[in-house]
There are 2 protein chains.
Amino acid sequence: MRLKDFGLQSGINEVIVITKGEKLNTAPIGIIVEDENRIEAKARLYPSHTRENVEKGSFFIANIVRDPLIFAMSAFEDLGEEFFESLNPPIIKDALAFCEFEVRLKGLFADLRLLRGDIIRKEVRAINRGFNAVIEALVHATRFVKNQSPELEQKIRECYAIIEKCGGKREKQALEIIKEKTGIL
Amino acid sequence: MRLKDFGLQSGINEVIVITKGEKLNTAPIGIIVEDENRIEAKARLYPSHTRENVEKGSFFIANIVRDPLIFAMSAFEDLGEEFFESLNPPIIKDALAFCEFEVRLKGLFADLRLLRGDIIRKEVRAINRGFNAVIEALVHATRFVKNQSPELEQKIRECYAIIEKCGGKREKQALEIIKEKTGIL
């Protein structure tokens, strides 16, 4: 069993992590992989519901997802159960794979160790710059809602232009969510 | 047979197009899809070897590829035969799928009509912002080598920062190529 068996490669892997408190919590997290042939990884875990849940003993399950709308929604709020195709283990609809990790918190980081994983489905998908721009816009947008700055607004608007030009239907739905949440129209 | 069967979705799909003149020509092209359930698509085809080859009757075969190094190399020069796993039809190593199109040139655009296609392999891969930044850097870099401007240089440097932070091995190899070709170190 290696990280790369489930789509996690060297570098930072943007996934949706599901933890459980009173209800399921979903959050985009970057899983940092140094060696994709091993089972050890890391993640930054700032104070958050994800971190609180882990401190209280929750599982930590990464879903490998490529749906821009799922990324946009879970960046701002928890996905309801209707977005899952399985609740045990928690698997978001159309997720490609899931990985469960053991977590050891270390300051603002967490040491992760792969416990189990499974591939749900594989796919073929060409690169879409609009999709990429959704991911980039979300990085800026989640900062912007806490700390509005003209620099962030400018970066978000640059992403909008790429999403408008290159995105498909799902990317444009994601764009509407970003606009609503940031107020940058 | 539909475009989406081979990984082409609504929006602009960044693929590597292979045509043949005296030798194989490889170029990143954006395939514009309005309805992924149909077989018709479009592409901008500026004066280029790809266009010349089409005018002389070459086939037009898109490879769906997700290797950052292949994108970086084919943005600046043709891939040699050693980068292919098949020459007839031309399939780049590790390509996910290929599609052959009939092409009708219409001004700077081309009307495309899917003739045949095949899936070579499917995959599971988490999103990597470094990979996305390689694609974005290449868009700017191919403009920069023709028209050096401080604005483009700034955008390319922003991509570098993301590739350095989030990319894996292949993204960092792609970065070296972009640095070499642009002279932006």
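The following questions and answers walk through a predicted model of two protein chains, A and B.

Visitor: How many helices and strands does chain A have, and what pattern do they follow along the sequence?

Guide: Chain A is built from both kinds of element, with five helices and eight strands. Read along the sequence, these elements come in the order β-β-β-α-β-α-β-β-β-β-α-α-α.

Visitor: What is the radius of gyration of chain A, and what would a compact globule of 185 residues have?

Guide: The C-alpha atoms of chain A fill a box of roughly 40 × 35 × 35 Å along the principal axes, and buried residues make up 55% of its 185 residues. Among contacts between residues at least 6 apart in sequence, 66% join residues at least 24 apart. A compact globule with 185 residues would have a radius of gyration near 16 Å, and chain A agrees with this, its own value being 16 Å.

Visitor: How many residues of chain A are in contact with chain B, and how much area do the two chains bury between them?

Guide: On the side of chain A, 37 residues are in contact with 37 residues of chain B. Together the two chains bury about 3300 Å², with 52% of that area on carbon and sulfur atoms. Within the part that chain A buries against chain B, a share of 23% comes from A:Val124, A:Ile127 and A:Arg129, which is more than any other three residues supply.

Visitor: Which element of chain A gives the most to the side that touches chain B?

Guide: Across the interface of chain A and chain B there are 16 residue pairs in polar contact, counting pairs in which both residues have pLDDT 80 or more. Three elements of chain A, namely β1 (11–20), α3 (129–144) and α4 (150–166), each supply at least two residues of the side that touches chain B. By class, this side of chain A has 18 nonpolar, nine polar and 10 charged residues. The element that gives the most, with six residues, is α3(A).

Visitor: Which residue of chain B forms a salt bridge with A:Glu136?

Guide: Side chains of opposite charge can pair when their charged atoms come close. Between chain A and chain B the count is two salt bridges. In the one that A:Glu136 forms, the closest N and O atoms are 2.5 Å apart, and the partner is B:Arg129.

Visitor: With which other arginine does A:Glu123 meet in a salt bridge?

Guide: Over all chains the count comes to 30 salt bridges, and in one of them the side chain of A:Glu123 meets its partner at 3.4 Å, N to O. Both residues of this pair are buried. In chain B, the side chains of B:Arg125 and B:Glu123 meet in a salt bridge at 3.4 Å. For A:Glu123, the arginine asked for is A:Arg125.

Visitor: Which backbone oxygen does the side chain of B:Lys172 reach?

Guide: B:Lys172 lies in helix α5 (residues 169–182) of chain B, and at 34% relative accessibility B:Lys172 counts as partly exposed. Leaving aside neighbours within four places in sequence, B:Lys172 is in contact with B:Ile163, B:Glu164 and B:Gly167. The backbone oxygen that its side chain reaches, at 3.4 Å, is that of B:Glu164.

How values were computed
Residues numbered from 1 in each chain as written. Chains lettered and ligands numbered in written order. Predicted model: local features only at pLDDT ≥ 70, side-chain atom pairs only at ≥ 80, totals over all residues. Heavy atoms only, no water. Contact = heavy atoms within 4.5 Å. Buried area = accessible area lost by both parts, 1.4 Å probe. Salt bridge = Lys/Arg side-chain N within 4 Å of Asp/Glu carboxyl O. Polar contact = N/O pair within 3.5 Å; in protein donor to acceptor, adjacent residues only side chain to side chain. Helix = DSSP H or I, 4+ residues; strand = E, 2+ residues; numbered from the N terminus. Nonpolar A, V, L, I, M, F, W, Y, C, P; charged D, E, K, R; others polar. Rg over C-alpha atoms; globule rule 2.2 N^0.38 Å. Buried < 20%, exposed > 50% of the residue type's maximum accessible area, 1.4 Å probe, protein only.
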